[in-house]
Amino acid sequence: MMTSASVTVRNVAFRGGTIEVHEVGAGPTVGYLHGFIGNPGAGSPVLAPLAGAGDGHRVIAPSLPGFDRSSLCEDLRSMFDWVVAVSEIIDVCGLAGAPMVASSIGAMLALEVAAVRPEAFSHLVLIAPLGLWDSDVPVADPFGTTLSSQRALLTNDPAVTAPFFDDDPAMAGDMLIEHGVTRYTARTASASLVWPLPEFGLSTRIHRVRCPVTLVWGAVDKLNPPSYIACYADVLADVRATHVIDGAGHLAEWDAPAEVAAIATVALD
Amino acid sequence: MKAIWFHLMPYPELPDGFEQDHRSVWVDIDPKLFDPKVGHRAYNDYIDELEHAARVGFDAVGVNEHHANGYGLMPSPNIIASTLARTCPEAVLVIMGNSVALYNPPLRVAEELAMLDCITGGRVVAGFPVGSPMDTIYAYGQNPATLRERYEEAVDLILKAWTTDEVFSYAGTYNKLRYVNCWPRPVQQPRPPVWIPGGGSVDTWAWSAEHDYVYLYLSYFGYKAGLRTMQGYWNAVRELGKEPNPYRAGFAQFFGVAESEKEAYELYREPAEYFFNRCLHVYSGYADPPGYKTLNTVRAGVEGMVERAAREATARADASRKSGRGASGPAGGEPGLTFEEMIEKGYIIIGSPDQVAERTVELARSLNVGHLMALCHFGNMPKDVVMHNTELMATKVLPQVRHLFDDEWEDHWWPTPMAADERASSGVG
């Protein structure tokens, strides 16, 4: 077990390998399911503010297979495979029935899990979920582009994703290669979740999501534009609130962690 | 050594300024640039050129598969091969190849190649590429994380379909077939030779060697740049304890033969610049989709062939922007790279027949390749120049290099057609 600031990182057994779990804070349990870049370095910047907001929370943030130091699972080939895996992960992490803050592809997976397992979450705070498709406003392609352009698509301030995209100049040769490999496997897992485009039939299942939902969007989301708020609000059974955060991009919790934590706290407490 | 006359079939009329006005020659090339009347002429010229190559003495003619590609007009290599099956009655057809992961079920490929093997009386080489990222991942929407697994399963299914003598069921990860029954059956028994075109994946080296498939490096950057890749392949062969038979390997190379070196410079400068500047103007965002490379390749830092093309195209575009001039001016290839440097680096072998023969021997010996994929057409080369180049290559160069390896090695990967007196007349030529 190791810690960085107040965040604890542990490995949890999963399907013959392990998944990495970041944990911080004390209080009622809240899950965080990451987006395209996982929980690199000390984890998503939203973890600490979420743990400290309100009366405090115990935030549990698993890294999905292929992300960070979680083992690769080569048998995850389809959305069905991923839904089963994420359902298992929330069980082994003690997150079943807890509220979940989920971002981007993580929010898509949370919706898919909730559609087949409606009791999985008590409340969903979804940051720019993927899964619905508006032909008039197609979701941008985050992988048919260069690495620097992808980075610019994900957050409004590309500097905030440095723990994922930038190499640490202090790293020695082998560590540098492995850091590159870790980034590559995370990008591979992300790509496999949205290939060729993030529409896998969620629209036919989303009516089964019964828990309360709070929708959060970055106002300058260049990947999944805020016009999608209406798409989700129209088909989800219990949308409690929608929030648009000025100056935030697709991974709004990286651009504006405090604002996202504050919204989540109001929604969950 | 065997010589295969290989055609990429580029679109011959990409406009001046293409590199400045368009992002990529591949994947999202502007559909409005395609004039079907130009396509009509190009396809017919290109088929004429392949037929000419077979007539003047090449051992084989070669075709390949690309999608949404301005330098490769063969979405289906089998269609072109089917026209050649009848009009080239003696040449081997090297179909290099079908991107088998793209077809559902891949049994279709087994059937079509078996048809071609029947029509030709057993003159087919079956090439099975993983396929470039542009073709497979972007143009055909395959998931990069599962492409290789899907590919290996497709190859397995096709080979079982050819070699199993009874109807069987196939419960693969991606292919579920209650009844597999490849009908017709290939003439060549147990199956046509399998060649694997690669672009630099280290795992493809070992996989090809392990299965005794020919590994063919389809490089655009010539034999000097291809040395590292081919050494990697031969190391994999050695590590498996297999003989370094040069016929286990093939290599693609651009050639420009003329009566003199001076004439060669005059004839081939423009088509070379057209190819390396316009045809390889590939957007770098399409070069490296995550999951396409194996982790061994990532760790080894090996750059794929199309990845290199895209990187160099980006460098050209950047240089063009900085200098305020077009990228396809007198300088071609990399920024500042002249046509002469392109030749010096070995991208293209040009010169008189003797000069070309000397370089070809150097290529074959240094890379240890017994199958030469000769690209005697490139870029927007006029048809009469292609015919001239092809004829000189066949009649004055190949006789000087054919003997290579004959005393030492046998080609176990070449088709074994039916005897001539058993074969049907094509009714052509």
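Me: At what angle do the axes of helix α4 and helix α6 of chain B cross, and is the arrangement parallel or oblique?
Reply: The model is a predicted one. In chain B, the axes of α4 (residues 107-120) and α6 (residues 147-163) come within 8 Å and cross at roughly 45 degrees.

Me: Which class of residue makes up the contact of α4(B) with α6(B)?
Reply: From α4(B), the residues L107(B), V109(B), A110(B) and A114(B) meet L157(B), I158(B), A161(B) and W162(B) of α6(B). The contact has no polar and no charged residues, and its eight residues are nonpolar.

Me: Are α2(B) and α15(B) roughly parallel or oblique?
Reply: Helix α2 (residues 36-56) and helix α15 (residues 383-401), both of chain B, have axes that come within 9 Å and cross at roughly 20 degrees. Angles under 35 degrees count as roughly parallel. The angle therefore makes α2(B) and α15(B) roughly parallel.

Me: How do the residues of the contact of α2(B) with α15(B) divide by class?
Reply: On the α2(B) side are D45(B), E49(B), H52(B), A53(B) and V56(B). They meet residues of α15(B) including K383(B), V386(B), M387(B) and E391(B). By class, the contact divides into five nonpolar, three polar and four charged.

Me: How many residues has the largest nonpolar core, and how many has the other core apart from it?
Reply: Nonpolar side chains tend to be buried together in soluble globular proteins. In this model the largest nonpolar core has 133 residues, and I4(B), V61(B), L93(B), F251(B), V282(B) and A374(B) have the most contacts inside it. Apart from it lies another core, with L76(A), A107(A), A191(A) and I206(A) among its residues, and the number in that core is 88.

Me: Which residues does L93(B) touch?
Reply: L93(B) is one of the residues with the most contacts inside the largest nonpolar core. Beyond residues up to four places away in sequence, those that L93(B) touches include A60(B), V61(B), A81(B), L84(B), L116(B) and V125(B).

Me: Which helix of chain B gives the largest share of the side that touches chain A?
Reply: In all, 15 residues of chain B are in contact with 16 residues of chain A. By class, the chain B side has eight nonpolar, six polar and one charged residues. The largest share of that side is three residues, and they come from helix α11 (residues 295-300) of chain B.

Me: Is H250(A) buried or exposed?
Reply: H250(A) lies in the loop between β9 (239-245) and α8 (252-255) of chain A. Its contacts outside four places in sequence include S104(A), L153(A), G218(A) and N224(A). A residue is buried if 20 or more other C-beta atoms lie within 10 Å. Because H250(A) has 28 such atoms, it is buried.

Me: Is D411(B) buried or partly exposed?
Reply: D411(B) belongs to the segment after α15 of chain B, and with neighbours within four places in sequence left aside it is in contact with K2(B), Y247(B) and G370(B). Burial requires 20 or more other C-beta atoms within 10 Å. D411(B) has 19, so it is partly exposed.

Key: Residues are numbered from 1 along each chain as its sequence is written. Chains are lettered from A and ligands numbered from 1 in the order in which they are written. This is a predicted model: local features need pLDDT of at least 70, side-chain atom pairs count only at pLDDT 80 or more; totals for chains, interfaces and linings use all residues. Axes are lines fitted to C-alpha atoms, for helices over the stretch in contact, and angles run from 0 to 180 degrees between N-to-C directions. Helices (H or I, at least four residues) and strands (E, at least two) are DSSP runs, numbered from the N terminus. Two residues are in contact if their C-beta atoms, placed from the backbone, lie within 7 Å. Ala, Val, Leu, Ile, Met, Phe, Trp, Tyr, Cys and Pro count as nonpolar, Asp, Glu, Lys and Arg as charged, and the others, Gly among them, as polar. A nonpolar core is a set of buried Ala, Val, Leu, Ile, Met, Phe, Trp, Tyr and Cys residues joined through C-beta atoms within 7 Å. A residue is buried if 20 or more other C-beta atoms lie within 10 Å of its own, exposed if 12 or fewer, and partly exposed in between; C-beta atoms are placed from the backbone. Angles under 35 degrees count as roughly parallel, over 145 as roughly antiparallel, 65 to 115 as roughly perpendicular and the rest as oblique.
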